[in-house]
Amino acid sequence: MLLSREKTEFYLTDIETPVGQRINLTIAGLVLLSSGIFVAETYNIPDFVRFQLNLVDTAIFIIFAVEYGLRLWSAENKLKYFLSIYSIIDLIAILPFFLGAVDLSFIRLLRWFRILRLIRFIDKRFFFGSVSSEDGVIFARILFTLFAIIFVYSGLIYQVEHPVNPQVFTTFLDALYFSIVTMTTVGFGDVTPASELGRGLTVLMILTGIALIPWQVGDLIKRLVKTANQVEIICSGCGLAFHDADAGFCKRCGAKLPK
């Protein structure tokens, strides 16, 4: 039983082996599919299509719930895992379903934190192929962070504003447009929130945009400039692909670079 628990934990966290890759890429795909379903439901679609989407979303929830249970069961230190950031994100992702029978409409906001589960899949190099794993991971984290923040804010503002301001926030695209305009502090003013909670979210968006976006974009530009000044020489020791033009040894493992 101990071996079975160890194997379960290994395959749920590993994305180097074929089995681990399939499991974790499937979970990542379900996260994107679940988010896509919610976006589709903001549009005027036939009732039978909406019903089918709800069935798929329910099935995805069940998979998420089983996955969370397996992760908690297989963790060597269950309390440490339960209090970890990934565990909290996973729990938030399934919590709305358990509270669905309760008349707390705001709890639906939590479902948008499903997209943040994708953070764990940026930590390994196989996503980036022949690109320098270090720089590839940094690129992906920066781009994903911007995407995730905008996506989550768009979901939140749509959930808050659509019930009270449906003419302005008609679909998710309206909320996405508002989030991008707000977070980049352009502020056209053609789309504005009507509720107090919506205005509060707008303030948070502006503060997030001022604090985070210039820093992330600046870091991305520095990385692009750094990579542009490097040459592709694959290290035989660790596989790092890009090095300074005058480098004789790998900056990661210290192995001598081929000429």
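Reply: Buried means under 20% relative accessible area. The model is predicted.

Me: Which residues of H7 are buried?
Reply: Helix H7 covers residues 172–183. One of its buried residues, Phe172, has a relative accessible area of 5%, which is under the 20% cut-off. The buried residues of H7 are Phe172, Ala175, Phe178, Ser179, Val181, Thr182 and Met183.

Me: How far apart are the end C-alpha atoms of helix H7?
Reply: With twelve residues at 1.5 Å a residue, helix H7 should span 16 Å. The model agrees with that expectation, as the end C-alpha atoms are apart by 16 Å.

Me: Is Phe151 buried or exposed, and what is the angle between its ring plane and that of Phe172?
Reply: Phe151 has 10% relative accessibility, so Phe151 counts as buried. The ring centres of Phe151 and Phe172 are 5.3 Å apart and the pair is tilted. Phe151 lies in helix H6 and Phe172 in helix H7, so the pair ties together parts 21 residues apart in sequence. The angle between the planes is 50°.

Me: Which residues do ring pairs link into a cluster with Phe151?
Reply: Phe147 and Phe151 both lie in helix H6, four residues apart. Phe147 is partly exposed, at 40% relative accessible area. Ring pairs link Phe151 into a cluster with Phe147 and Phe172.

Me: How many disulfides does the count come to?
Reply: A disulfide needs two cysteine sulfur atoms within 2.5 Å. The sulfur of Cys253 has its closest cysteine sulfur in Cys235, at 3.5 Å, which is too far for a bond. The count of disulfides comes to zero.

Note on methods
Residues numbered from 1 in each chain as written. Predicted model: local features only at pLDDT ≥ 70, side-chain atom pairs only at ≥ 80, totals over all residues. Heavy atoms only, no water. Helix = DSSP H or I, 4+ residues; strand = E, 2+ residues; numbered from the N terminus. Expected span 1.5 Å × (residues − 1). Buried < 20%, exposed > 50% of the residue type's maximum accessible area, 1.4 Å probe, protein only. Phe/Tyr/Trp six-rings, centres within 6.5 Å; stacked < 30°, edge-to-face > 60°.
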